[in-house]
Amino acid sequence: MVSAQTQLIQGLNALAAGLVLLAAFAMVTTRQVQGVLRFLVVQSLFVAASAFLIGFNRGSIDLWALGCIMIASKVITIPWVLRRLLPADLYERREIDQLINIPTSLLIALLLAIAAEFLVGPLVTAAKDPVVQANLPIGMAGLLIGAYSLVARREAIPQLIGILAMENGAFFAGIAIAPDLPLIAELAIAIDVILIVVVVGVLTRNITRTIGTTEASAMSELREEPRSWR
Amino acid sequence: MALIIAVSLPLLAAFLCWLRPLRRIAWAITVVFLALNLSAAVVIAWQVLATGRVVAVAGWLEADGLSALLLLMVTFVCIVAAIYSGGYMRHETGSKERLWWFYSNYNLFVFALAVVPALARVNLVWVAVELVTLFATLLVGYESTPGALEAAWKMAILTIMGAPISLFGFLTLYWAFRTSGGGTSETWQGLYAMAATMSPNLLKLSFLLVFVGFGAKSGLAPMHTWLPDAHSQAPTPICAVLSGMKTTIPLYAILRLLSIVLGSPDARIGEWMVVLGLFSVGIAAFLLLQVRDYKRMFAYSTVEHMGIILTAAGFATHAAAYGAVAQMLNHSITKSLCFYAAGMVLLALETRQISQVRGLFRISPFAASALLLCSLAIAGAPPFPIFLSEFSILSAGLRSGHSVAVIVLAVLIVIAFVAIFLQVNSMLFGEPSHPATRERAPRSCGTAILIAVAPVLILGVYIPGPIHSLMTLAAQQLGGH
């Protein structure tokens, strides 16, 4: 028999899952770099909220710690690092160049979310845990939508944010499927994510200094041209 | 104990290179520490041969045959590349100001490479593999030219995009391990033991995700596109480590996971690996025919060899696993030699275009002989070690009943062989395109080439007993089921 409290928490967790997915859609449809970054922060907050809810339900200190790590890394450190490393004009009110227009992008993101549901469907029905049933498909959808925005956006910072959104998806599923992962592994993963941001940020700064733009389409000097055999 | 030393030495070296008073001797620090590290790796290999496995911190830092072999490879390739970099970096990159930064970063890169095989805890393997990618990115972009930055960017996006995908895979793997009663300490050893009882669906999903994420890092087609760019733009000693070890280390994690998945019932994933491996070999073989830059040529040859190793692992027999391990070892020692030779040509002629180099034997006999030797070795000509390992892979494939795959693989290997030969032949002979060089190549480069040549010459005709038993142990880890 499931208690009323557990049911309430599972309901709230499902709500958080829905909001994570909504934030993923919002990231695809937002045109400005700063807006995308804001939605990433919002999404990370919902991921952390899900960790707190499940942690409360299972009485697990580890999940509370995980939520705190999430907030410390994605909500506080990463936006701060980006702002410190990069000149303001890179992430402020500027439109992102997109390969595919926004309505089509939204449609593709929707298809990806459905595909994610089908991909992990058999696992979800086998798991029988309502928390896994909420988090695993949404996490997979977050991963796929993040990957799509990475491919569709041809600029450095939006691409980096796409990677972080993918990471959020993986984390969101991880809260449900690997809640008792050793804390040292969680910490190492968080530090690794911050390092990714620092390295890519430094690289982006060097690229803006040397090449003058961060549009990936401007970087096409290196490619394979067929050799003619005499 | 030796294992803890082997893992912490590069960190200490990185710290020392960063200290202001020691910045001038960063190169010497790097070489000395790597020499210590190599001896630690030899000690570990010795202990593994004696006892089967070395346990430094139970459940966290452990080494079996495969780990010991990889540690030996990492330290050997990295020390030779470090020696080579002494003369090369001063000669080629000009600015001495940031050399300490280069070496500090290089030591961190070595740390990440060495820690992957030494880790027993599977979640941390993901972290370490990501660190390898990050430090490699910084090293590829070291020269800060537009080309180098573009190459570093392509590499960063393609390989870091794999990070969340493989993280998802590792979390799924943990889930599979835990729900089948494995507890929370998920080690490689524990996974081998639980392979038969874990849910095959979960295992397959996690392997798929890790394969996509790490396959991009090890340059398997169709995620190989960063590899030739990075290799044409990075400083040559970094190319040697990139091709020799940076691609092999994620492949090592894939192969370990593959052997676990193969241990579960009804897994037909081996056949898929054969197909994907052959795809990489095929793509590389045809790109080798039309490549115009000799550093890119060796990069495509790396894609080819990664494909061969994956194919061998897909055959899933003990003999094929032995071939895969031998191919890993032979590829990393031979490929690093290739880049040292290519670097000598680049130093002497300052062009990367194959068509602009003619008559190299008359321009720089030393560079020409090194190039001839290493391309014979990497293409797999008979007296060299790669011939032996490719031959054993082909025969193991025939014995395991994959005759079609073996025929395709053999044809593709021959195409790659011919392609490398046509390319190198056009560089070595004919009317010299440049005047003969008076200037002597940096002494450290020559020394590094002589050190790197030794195992390539020896392992082709004689495999010392301890190395053979180490490879057999390693093959048991990969194909023991």
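Trainee: Why are H1(B) and H4(B) called roughly antiparallel to each other?

Mentor: In this predicted model, the axes of helix H1 (residues 2-18) and helix H4 (residues 99-118) of chain B cross at roughly 165°. Angles over 145 degrees count as roughly antiparallel, and H1(B) and H4(B) therefore receive that description. Their axes come within 8 Å, and the crossing is left-handed.

Trainee: Which residues of H1(B) and H4(B) meet?

Mentor: From H1(B), the residues include Leu3(B), Val7(B), Leu11(B) and Trp18(B). Among their counterparts in H4(B) are Trp100(B), Leu108(B), Phe111(B) and Val115(B). By class, this contact has 17 nonpolar, two polar and no charged residues.

Trainee: What makes H11(B) largely enclosed by the rest of the structure?

Mentor: A residue is buried if 20 or more other C-beta atoms lie within 10 Å of its own. In H11(B), 15 of the 15 residues are buried, so the helix is largely enclosed.

Trainee: How do you know that the span of helix H11 (residues 248-262) of chain B agrees with what its 15 residues should give?

Mentor: At 1.5 Å a residue, H11(B) should span 21 Å, and its end C-alpha atoms are 20 Å apart, which agrees.

Conventions
Residues numbered from 1 in each chain as written. Chains lettered and ligands numbered in written order. Predicted model: local features only at pLDDT ≥ 70, side-chain atom pairs only at ≥ 80, totals over all residues. Axes fitted to C-alpha atoms, helices over the stretch in contact; angles between N-to-C directions. Helix = DSSP H or I, 4+ residues; strand = E, 2+ residues; numbered from the N terminus. Parallel < 35°, antiparallel > 145°, perpendicular 65-115°, else oblique. Left-handed = near helix turned anticlockwise from the far one by under 90°. Contact = placed C-beta atoms within 7 Å. Nonpolar A, V, L, I, M, F, W, Y, C, P; charged D, E, K, R; others polar. Expected span 1.5 Å × (residues − 1). Buried ≥ 20, exposed ≤ 12 C-beta atoms within 10 Å, placed from the backbone.
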